[in-house]
Amino acid sequence: MILIGRSKWEPPRQWKLWSLPRPALSYVLGVDAVAVTITALALASTFSGARAGVRASEWAAFAVLATASVLHLESARGIERRREMAANSSPYTNLKSLWVFAGLLLLPLSLVIALIVVSYGYSWIRVYGRTIAHRKVFSASTFTLASAAAAAVLRGGGLIAEPRVPTGPFTLLVVLGAATTWWLVNFALVIGAILLSSPDATARGALGDLSDQLVVVAGLGLGVAVGGLQASYPWVVPILMVTVLTLHRDLLLPQFQRAAGTDVKTGLATPAYWANAVPVELARAETLRSTVGLLMLDLDKFKDINDTYGHPAGDQALKAVGQSIRAEVRQGDLVARVGGDELAVLLPGASETEVLEVAERIRDRLNALTVSVDTAAEEPAVISGVPASIGAAVFPDVANTMDQLVLAADNALLSAKRDGRNRIVAARPTPPAVTDHADQPVD
């Protein structure tokens, strides 16, 4: 496996690939091996037998799609880089599928795989920069397997010779079946890698948001349109590029907004994003006569991890903590990193009982958390348990404003730390001041 995107060569035994859990390592290497096998078979099929080569028209279509893919990546690399930097435990969606699926309709599988290599190779250099090589190799492999499965569907439906664009109701159903197959295979392979690589990941978290997958569906649909135009009216494709770039930004705007408000080290919300979200939720709760729960967490003696293993190890542990917390909260709750090792959880609509139940689940999970972190030594270190003190407060039970709510949760957190750490304290309403009327004059 070639280590692209690093400034210095690293010996194979130091590659991050080997730090994966054994099931994940076997899975990733297995998918890569299948992709290599498919590539070899596709090359053999293209350059032997009755076909014996690539036609000039196919080389021309490949050049158009490769150029369009590169221009697309270059024009959108700012938003893609920010999205890629945002740590996430769900599939990273993009519009590379657009050009790949268009290639499936116009090109032999060997050139489709070449298009995948061009797309990921260019984005590796210009978009992702220094990143972990095996992840990008794996992503390209999932595209290869998905493309092979979709090509089999096209051939099974009778669309054997290129171009394989829909010309009637039946062929349209075949193409839609191929697109669905492409999406399912790619999605399933990525989900498998996420669940095997992150023991704390949940199926719900790994699936991500439905809106993210709609980006891929839209890309496949645009791929059908690009393939049809390239086959019949190739000079219209450059015009369609303007539409593609506009849709790219609109489709990925929600993801970009989440990425812009995402802490790069942990994948949690940033302090600025969280500070804007809290008053919005309080205003909504006031309108609906509902409640908002708040948990403030401080990791106990987290400084010892940084001092013992180094700050990179601390960052890894903090990321694992964030993933653990997100696994225990509800859909729609907001988890944020508000300081170095200080975290906050916003729970709209939660009662005090529900807030304390979530807090107890988080505390139990962090106590049982086991994290493998990189150190200066060759062997990684294992951290067992990352306990936290937690303060809880509920609007409007103990506060009427954002500042009062945060202050109440902070004071409860301080009480938890003073009482021995690794515990949960709930804020209580401040009793009204008692006025002594004994010295008041009587009329």
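Reply: Start with a definition: helices (H or I, at least four residues) and strands (E, at least two) are DSSP runs, numbered from the N terminus. This is a predicted model, where local features need pLDDT of at least 70 and side-chain atom pairs count only at pLDDT 80 or more, while totals for chains, interfaces and linings use all residues. Residues are numbered from 1 along each chain as its sequence is written, and side-chain values use heavy atoms, with hydrogens and water left out.

Me: Which residues have the most contacts inside the largest nonpolar core?

Reply: General idea: in soluble globular proteins, nonpolar side chains tend to be buried together. A nonpolar core is a set of buried Ala, Val, Leu, Ile, Met, Phe, Trp, Tyr and Cys residues joined through side-chain atoms within 4.5 Å. Buried means under 20% relative accessible area, exposed over 50%, partly exposed in between (1.4 Å probe, protein chains only). Here the largest core has 38 residues, and L65, F101, L107 and W182 have the most contacts inside it. At least two of its residues come from each of α2 (56–75), α4 (96–106), α5 (109–128), α6 (133–156), α7 (169–197) and α9 (210–232). The biggest giver is α4, with eight residues. Another core, of 33 residues, lies apart from it; I305, V345, V355 and V386 are among its members.

Me: What is W182 in contact with?

Reply: Contact means heavy atoms within 4.5 Å. Leave aside neighbours within four places in sequence. W182 then touches, among others, V100, F101, F143, A146 and L220.

Me: How many aromatic pairs does a search of the whole structure find?

Reply: General idea: a pair of aromatic rings is described by the distance of the centres and the angle of the planes. Rings of Phe, Tyr and Trp (its six-membered ring) pair if their centres lie within 6.5 Å; planes under 30 degrees apart count as stacked, over 60 as edge-to-face and the rest as tilted. The search finds five pairs. F143 and W182 make an edge-to-face pair, 4.9 Å centre to centre with 80° between the planes. F143 is in α6 and W182 in α7, so the pair ties together parts 39 residues apart in sequence. F143 is buried at 5% relative accessibility, and W182 is buried at 0%. W183 and F187 are stacked: 5.4 Å centre to centre, 10° between the planes. They sit four residues apart in α7, about one helical turn.

Me: How many salt bridges are there in the whole structure?

Reply: General idea: side chains of opposite charge can pair when their charged atoms come close. A salt bridge is a side-chain nitrogen of Lys or Arg within 4 Å of a carboxyl oxygen of Asp or Glu. A search of the whole structure finds nine. Take E281 and R284, with closest N and O atoms 2.9 Å apart. Both lie in helix α11 (residues 271–288), three residues apart, about one turn of the helix. E281 is buried at 18% relative accessibility, whereas R284 is partly exposed at 41%.

Me: Which distant parts of the chain does the pair of E328 and R361 link?

Reply: The side chains of E328 and R361 meet in a salt bridge, 3.2 Å from N to O. E328 is in helix α13 (residues 311–328) and R361 in helix α14 (residues 352–367), 33 residues apart. E328 is buried, at 14% relative accessibility. R361 is partly exposed, at 35%. Elsewhere, salt bridges with shared partners join D298, D300 and K417 into one network.
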